[in-house]
Amino acid sequence: MHSILLTNPIVLLAVILGSTIIFILFLQPRHLSSSPKSDSMAARSFVLWLHGLGDSGPANEPIKTLFRSSEFRNTKWSFPSAPENPVTCNYGMRMPSWFDIQEIPVTADSPKAESDVLKAVQNVHAMIDKEVAAGTDPNNVFVCGFSQGGALTLASVLLYPKKLGGGAVFSGWVPFNSSMVEKFPEDAKKTPILWSHGMADRTVLFEAGQAGPPFLQQAGVTCEFKAYPGLDHSISNEELQFLESWIKTRLQSSS
């Protein structure tokens, strides 16, 4: 149910994110020049995007078209799809889900399905390991996710044995209890976190997002929290534009 209408110079992008359709309007340059010199200098990087409950990886692939800076010419993008699983908040019906969710809306005090989350984390770590083994510097690996995918992003980054380039959480929540902090590897605590949340979110309440930074601060993790007034349970063009610049400043140059 998503569509991309390409015109020049205007592009209208419709993306389904966690059952929410957002429309992104942006200017498309008439000519995108590619310089062999800039290509060779651009570091090899990897961006892993984790979708929300009931969504799919392919439905989110248009997001990468927004990242047009030369720094992303050597970036590999991955948009995996969650397996079909029964979901408690959906009366046990099966749907694409990384782990079980007990209730909607998600609040700061919602029950945590830690065992389910840890199983999903193992799968994410396998994706990262594969890319690192192929030659990508872990410092150029970025995990991003929306809603349930944002919660999984947080868990995956904080439990990975190495420092990564960064983790970006959009409209997510902390998917485990404070006791899990003891299991965070020291190197993982060095991975910076970007947390973006709409203040009008009625699916994952803003309070659930606000609970993230204090949790991370207590664990010794650096987190930049950005609140977006009027934004509901969706991703805005403004958020993605900031993500692009946030990743750019953290990319390690190729040697």
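Visitor: What makes strand 4 mostly covered?

Guide: Six of the six residues in strand 4 are buried, a term that means under 20% relative accessible area, with exposed over 50% and partly exposed in between (1.4 Å probe, protein chains only). Both faces are covered: Ser45, Val47 and Trp49 lie on one side, Phe46, Leu48 and Leu50 on the other, and all are buried. Strands (E, at least two residues) and helices (H or I, at least four) are DSSP runs, numbered from the N terminus.

Visitor: On what basis are such values given?

Guide: This is a predicted model, in which local features need pLDDT of at least 70 and side-chain atom pairs count only at pLDDT 80 or more, while totals for chains, interfaces and linings use all residues. Residues are numbered from 1 along each chain as its sequence is written, and side-chain values use heavy atoms, with hydrogens and water left out.

Visitor: How do you know that strand 4 pairs with strand 5 and with strand 8?

Guide: Two strands pair if DSSP finds at least two bridges between them. Strand 4 has four bridges to strand 5, running parallel, and five to strand 8, also in the parallel sense. Leu48 stands opposite Ser78 in strand 5, and Leu50 opposite Gly145 in strand 8.

Visitor: Why are strand 5 and strand 11 said to stand at the edges?

Guide: The open sheet has six strands in the order 5-4-8-9-10-11, with parallel pairing. Strand 5 (75-78) and strand 11 (223-228) each have a single partner strand, so one side of each is left without a neighbour in the sheet. The twist averages 15° from one strand to the next.

Visitor: What joins strand 10 to strand 9 and to strand 11?

Guide: Four bridges join strand 9 (residues 166-170) to strand 10 (residues 193-198), and six bridges join strand 10 to strand 11. Trp195 in strand 10 is the bridge partner of Val169 and stands opposite Phe225 in strand 11. Trp195 points the same way from strand 10 as Ile193 and His197, and all three are buried.

Visitor: Why are helix 2 and helix 3 called roughly perpendicular to each other?

Guide: The axes of helix 2 (residues 114-133) and helix 3 (residues 148-158) come within 9 Å and cross at roughly 70°. Axes are lines fitted to C-alpha atoms, for helices over the stretch in contact, and angles run from 0 to 180 degrees between N-to-C directions. Angles of 65 to 115 degrees count as roughly perpendicular, under 35 as roughly parallel, over 145 as roughly antiparallel and the rest as oblique. Helix 2 and helix 3 are therefore roughly perpendicular.

Visitor: Which residues of helix 2 meet helix 3?

Guide: Val117, Ala120, Val121, Val124 and His125 in helix 2 meet Leu152, Ala155 and Ser156 in helix 3, where contact means heavy atoms within 4.5 Å.

Visitor: Is Cys144 buried or exposed?

Guide: Cys144 has 1% relative accessibility and therefore counts as buried. Cys223, with a relative accessible area of 23%, is partly exposed.

Visitor: Why is Glu84 called partly exposed?

Guide: Glu84 has a relative accessible area of 43%, which places it in the partly exposed class. Glu84 belongs to strand 6 (residues 84-86). Leaving aside neighbours within four places in sequence, Glu84 is in contact with Arg94, Met95 and Pro96.
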